[in-house]
Amino acid sequence: MDELLNPDQTPRPAAAGLWSLLDQLGSEELLARQHATELDILTMGITFTVYSDGENIDRAWPFDVVPRIIPGDEWSQVERGLAQRLRAVNMFIDDLYNDQRIIADGVFPADLLEDSANFRPECVGAHPKFGVWAHISGSDLVRDDDGTFYVLEDNLRVPSGVSYVIENRAVTKRAFPELFGQNRIRPVDTYTDALNKLLMSLAPDGVENPTAVVLTPGIFNSAYFEHSFLAQRMGAELVEGGDLVVGDDDCVYMHTTEGRQRVHVIYRRIDDLFLDPEAFRPDSLLGAEGLMRAWKAGNVGIANAPGAGVADDKCVYAWMPDIIRYYLDEEPQIANVPTYRCMYEDEREYVLEHLDELVMKPANESGGYGITIGSRASEAELTKCAESILDDPRNWVAQPIINLSTVPTLIDGTMHPRHVDLRPFILTGESSYVTAGGLTRVALQEGSLIVNSSQGGGSKDTWIVDEPNHSTGWSTQETAFQTQGQSQSGGGGAA
């Protein structure tokens, strides 16, 4: 399915304005606007870091000027599904670190928790404010041939990418100023205000003017651009572990030129194990000693809370429909991709017999690493994957190969369909906030399903367009501007 075009190459309703303008501009002017956005990105210093051969390489953010468009009424349903999902996720995490009712009731297996790489015994008995552990999350969505959105996986530890959502919009506004006056495009720059409001709400009770900081591992981290971007947008201090100290009163302070200043909320962009050398890895130089003591004493709010990653596990993902039903007594409003759990013998046997029809994923990898797409793997690669599954069944899940949707993308001056996924960002506290769209990642190579920028993918601005008549049907409006080489190739569950 192409999200902008009907099979006869006419635009779908929400894309009619864009497609009409592209037709008027022609390929030469469109290419000029693409080059202008690339210059914008270089001038603004929008970068990401690739780790290669032990070196940290900063690269300009890869961007395609042709936006992705999703009708507003469709997105509203996705919003509700994501907010529902994160409410259940947080109830699940809170339960695991406290009463473990879901295990006692036989809904979630105890052995899966015992083998979890991200369960933190240090968090048992903790009660973060509002009962929320995963305050900031990014759920990866894919769209099938019939237009249905599915959640591919949840990112609950230190999800990144939201800064690019905001920057993509900024450069697209300069590329297509005509369209922002003609279309009802939902804004994305409200995110930082919503994030700041959430962080302020996590401060200890009774604090009138909380101080929040963004805790970064430092300039060599691949997401450092985002850390500094968000801190600047929120007016928060960007700090490293050495800037913080926990006093004898179990409160957190930061060093300033005027002495120590109390810190009430930490938006941490550091993995659990490096957060506090007193509680986790004693060799960590990235965090600050005593942060866990301060957090458990209720003297500082930490987002995301330590231990939230227990639900950021591709095996746990397979239980999400049951988790939603258990805690909310509701049916999931957004579907999971069907998932086979190799820890169970019958599901493992099915996977091993159908390797060439499935996408195999290690449970705790991210960034597209470790994935084997069966239909595109060699016999040697499939054999190696089967051996890995047999060596550690708990660490593997498999999903059917999905025919991912495509969006027209400018490649070498002409338009071609390319597979995309989408990462919306969800804020959860007293209430929920979902970005209007999110980070669309696009596989720039023909037929590729790997969308990660670190592996050659790019990105697009994502427009949630509210139509005046709120139509949900497909358009038959004609235009001469068409994509070349419209593909019918299948996609897969790689993110």
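1. Let us start with a term: a polar contact is a pair of N or O atoms within 3.5 Å, where, within protein, one must be able to donate a hydrogen and the other to accept it, and residues adjacent in sequence count only if both atoms are side-chain atoms. Keep it in mind for Arg 269, whose side chain has a polar contact of 3.1 Å with the side chain of Tyr 267.

2. A word on the source. This is a predicted model, in which local features need pLDDT of at least 70 and side-chain atom pairs count only at pLDDT 80 or more, while totals for chains, interfaces and linings use all residues. Residues are numbered from 1 along each chain as its sequence is written, and side-chain values use heavy atoms, with hydrogens and water left out.

3. Now the overall picture. The C-alpha atoms fill a box of roughly 70 × 60 × 50 Å along the principal axes. For 495 residues, a compact globule would have a radius of gyration near 23 Å, and the 23 Å of the chain agrees with that. The radius is taken over C-alpha atoms, and the globule rule is 2.2 Å times the number of residues to the power 0.38.

4. How much of the chain is buried? Of its 495 residues, 58% count as buried, where buried means under 20% relative accessible area, exposed means over 50%, and partly exposed lies in between (1.4 Å probe, protein chains only). The chain exposes about 20,100 Å², and carbon and sulfur atoms supply 46% of that area. Accessible areas come from the Shrake-Rupley method with a 1.4 Å probe, and for residues only the protein chains shown count as cover.

5. Contacts tell you how the chain folds back on itself. A contact means heavy atoms within 4.5 Å. Among contacts with a separation of 6 or more, residues 24 or more positions apart account for 71%.

6. Back to Arg 269, which sits in the loop between strand E11 (265–268) and helix H9 (291–296). Is Arg 269 buried or exposed? Arg 269 is buried, because its relative accessible area is 5%. Its side chain also makes a polar contact of 2.9 Å with the side chain of Glu 226. Beyond four places in sequence, Arg 269 touches several residues, including Val 158, Pro 159, Val 214, His 227 and Leu 230.

7. Gln 34 lies in helix H1 (residues 16–44) and counts as buried at 5% relative accessibility. Which residues does Gln 34 touch, not counting those up to four places away in sequence? They are Phe 63, Asp 64, Val 65 and Leu 410. Leu 328 is in helix H11 (residues 320–328) and is buried, with a relative accessible area of 18%. Leaving aside neighbours within four places, Leu 328 is in contact with Gln 84, Arg 87, Ala 88 and Met 91. Leu 328 and Met 91 are 237 residues apart along the chain, and their C-alpha atoms are separated by 9.1 Å.

8. Tyr 317 has a relative accessible area of 3%, so it is buried. Apart from residues up to four places away in sequence, Tyr 317 touches, among others, Arg 85, Val 151, Asp 154, Asn 336 and Gln 399.

9. Thr 372 lies in strand E16 (residues 372–373) and counts as buried at 14% relative accessibility. Not counting residues up to four places away, its contacts are Leu 358, Val 359, Met 360, Ala 377, Leu 382 and Cys 385.

10. Finally, some backbone details to check in the model. The peptide bond from Ala 303 to Asn 304 is cis, with omega near -15 degrees, and Asn 304 lies in the loop between strand E12 (301–303) and helix H10 (314–317). Phe 130, in the loop between helix H4 (110–114) and strand E4 (136–143), has a positive phi near 65 degrees although it is not glycine. Phe 130 is partly exposed at 36% relative accessible area. Asp 412, in the loop between strands E18 (406–411) and E19 (414–423), also has a positive phi, of about 50 degrees. With 80% relative accessibility, Asp 412 counts as exposed.

Note on methods. Helices (H or I, at least four residues) and strands (E, at least two) are DSSP runs, numbered from the N terminus.
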